[in-house]
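Reader: I have a model open and want to learn to read it. Can we go feature by feature?

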Amino acid sequence: MTDRQLFLASKRAAVSFAPDPDTGELRPWLAPGGTGNVVAEQAGVLDVTWIASADTDDDHRAARENPDGLTLGLRSGHNIRIRLLRHDRGTFEVVQNFLTAQLLWAANNYGWDTWTSPTFGAETYGAMEHFAEFTGDFADALLKSSAEAADPVYLVHDYQLVAVPAKLREQRPDAPILLFVHIPWPSPDYWRVLPKPVRVGLLEGMLPATTIGFFADRWRRNFLDCVADLIPDAEVDRDAGIIHRRGHRTRVRTMPLGYSPLAIGSGEPRMPDGFAEWAGDRPLVVHSGRTDPMKNAERAVRAFVLAVRGNERLRDARMLVRMNPNRLYVEANADYLRRVQGAIAEANAELGADTVRRHCDNEVDHTLGCFRRADLLMFNSTVDGQNLSTFEAPLVNGRDAEVILSELCGAAEVLGPVCRTVNPFDLIEQARAIEAGLTMPAAERAEAAERRRRAAEPWTLEAWVRAQLDGLAVDHRARHE
């Protein structure tokens, strides 16, 4: 596929624009983690132009002043060319703040209890009209960019753009189209919670893709089950991962991603100011994740309290809740942050002042510095599409840290055999894992850490990009089978 012209798109950019505090000039600022950074690194590897959404007023200004796109450098050393789309502000606000950040995020991440939420009304149906306009913006931009390409290849990333493949297929009936969904895909019964036009319409928007990718096999299986359950005229071969519908063949693949070697190897990892002194040489548990309820820090803190309470040898241990601020305008995220703060206050009241600390910023070097210092790393998400930190942390850690990993993370399919996998809802199991991880003999820790490094190392960004292009090439050739 690399001999054909590639066109790459995702909603979220890894960059936002803001005035430089020293000069006042508009400049790009790279944000850590998430889909945007993964797609940005992919754009750098492939040397293609990447289309993404302008968000802030300064983003719109940058897009207006650079209609043909602009070039910026990444931590990995790659340069990328990015073109920001200027959506209608009202449309973007609905898609950003309601449809994707709340409705679809909750649907895909099991965010509703279904007893009290959700309830769908006019707001949801109106939002889908805005989503159609938003989808059209991306499809039009991709088609315009590829108008002079004889054989374009489209790489469409993440759940905000799931309806784009159908629009592309209308105008480019023979083009290879890859859609990669970076977040979990729920079971058919949970997907059925959505209104019929939404749950069916989104699936129908996806199926014209040549290849649909997920990080984990459980999400791939759930998607195939949803299509079989909700699209009556689709023929679904679950074993082969192939869907036939209305003369079109779609292959659904699992393509795990772990980390970017260049990204984690650059920069200067360091603990936040004062934290190295606070930790000293005491055993340190590090929990890391966005300010998102799925990251489950509240239960991690409560499990830490149980572990320390039950073992005198752990009385000197410390815990750091390392957070990246994310979508705090969403009430569920803001409430999660408050609950984590409350759990930390209760922990310190019982275990001693300053036993547990929280640190929240978007500095990548701080995150990597915390990973490097940890004696125990904890990723206990209630659900997670993959969680790249579970690969990055063992590779940068310098103290043979044990890793506690939720069995509901996509990453558990690769790393589960070399981590302490836990039920993210079971405090007793997590407390026992913390105790075992912190009291493990040094020689065993070293052996286990080496096994984890060997398990994580193959899953590079470059291997993931090759898997996408190779799989898409095979599926495109097989489209008439």
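This is a predicted model: local features need pLDDT of at least 70, side-chain atom pairs count only at pLDDT 80 or more; totals for chains, interfaces and linings use all residues.

Reader: Which residues of helix 5 are buried?

Author: First the general idea. An α-helix has 3.6 residues a turn, so residues three or four places apart point the same way. Now the case here. Helix 5 spans residues 164–171, and its buried residues are Val164, Pro165, Ala166, Leu168 and Arg169.

Reader: How is the chain divided into domains?

Author: Domain 1 covers 5–257 + 462–472, and domain 2 covers 269–458. Their C-alpha centres lie 30 Å apart. The contact draws 24 residues from domain 1 and 23 residues from domain 2.

Reader: How much area do domain 1 and domain 2 bury between them?

Author: About 1800 Å², with 54% of it on carbon and sulfur atoms. Then look for charge pairs and polar contacts. Between the two domains there is one salt bridge. Glu413 pairs with Arg218, with the closest N and O atoms 3.7 Å apart. Seven residue pairs are in polar contact across the interface.

Reader: Which helix gives the largest share of the domain 1 side?

Author: Helix 3, with five residues. That side of domain 1 divides into 14 nonpolar, six polar and four charged residues.

Reader: How many salt bridges does the structure hold?

Author: The structure holds 34. Take Lys295 and Asp384, whose side chains meet at 2.8 Å, N to O. Lys295 sits in the loop between strand 13 (284–290) and helix 11 (297–310). Asp384 sits in the loop between strand 16 (376–379) and helix 14 (389–396), and the two are 89 residues apart.

Reader: What about Arg302 and Glu346?

Author: Their side chains also form a salt bridge, 2.8 Å from N to O. Arg302 is in helix 11 and Glu346 in helix 12 (residues 331–351), 44 residues apart. Arg302 is partly exposed at 28%, and Glu346 is partly exposed at 48%.

Reader: Which residues are linked with them in a network of salt bridges?

Author: Glu298, Glu331, Asp335, Arg338 and Arg339 are linked with Arg302 and Glu346.

Methods
Residues are numbered from 1 along each chain as its sequence is written. Side-chain values use heavy atoms; hydrogens and water are left out. Domain bounds come from an automatic or database domain assignment. Contact means heavy atoms within 4.5 Å. Buried area is the accessible area (1.4 Å probe) that two parts lose on being put together, summed over both. A salt bridge is a side-chain nitrogen of Lys or Arg within 4 Å of a carboxyl oxygen of Asp or Glu. A polar contact is a pair of N or O atoms within 3.5 Å; within protein, one must be able to donate a hydrogen and the other to accept it, and residues adjacent in sequence count only if both atoms are side-chain atoms. Helices (H or I, at least four residues) and strands (E, at least two) are DSSP runs, numbered from the N terminus. Ala, Val, Leu, Ile, Met, Phe, Trp, Tyr, Cys and Pro count as nonpolar, Asp, Glu, Lys and Arg as charged, and the others, Gly among them, as polar. Buried means under 20% relative accessible area, exposed over 50%, partly exposed in between (1.4 Å probe, protein chains only).
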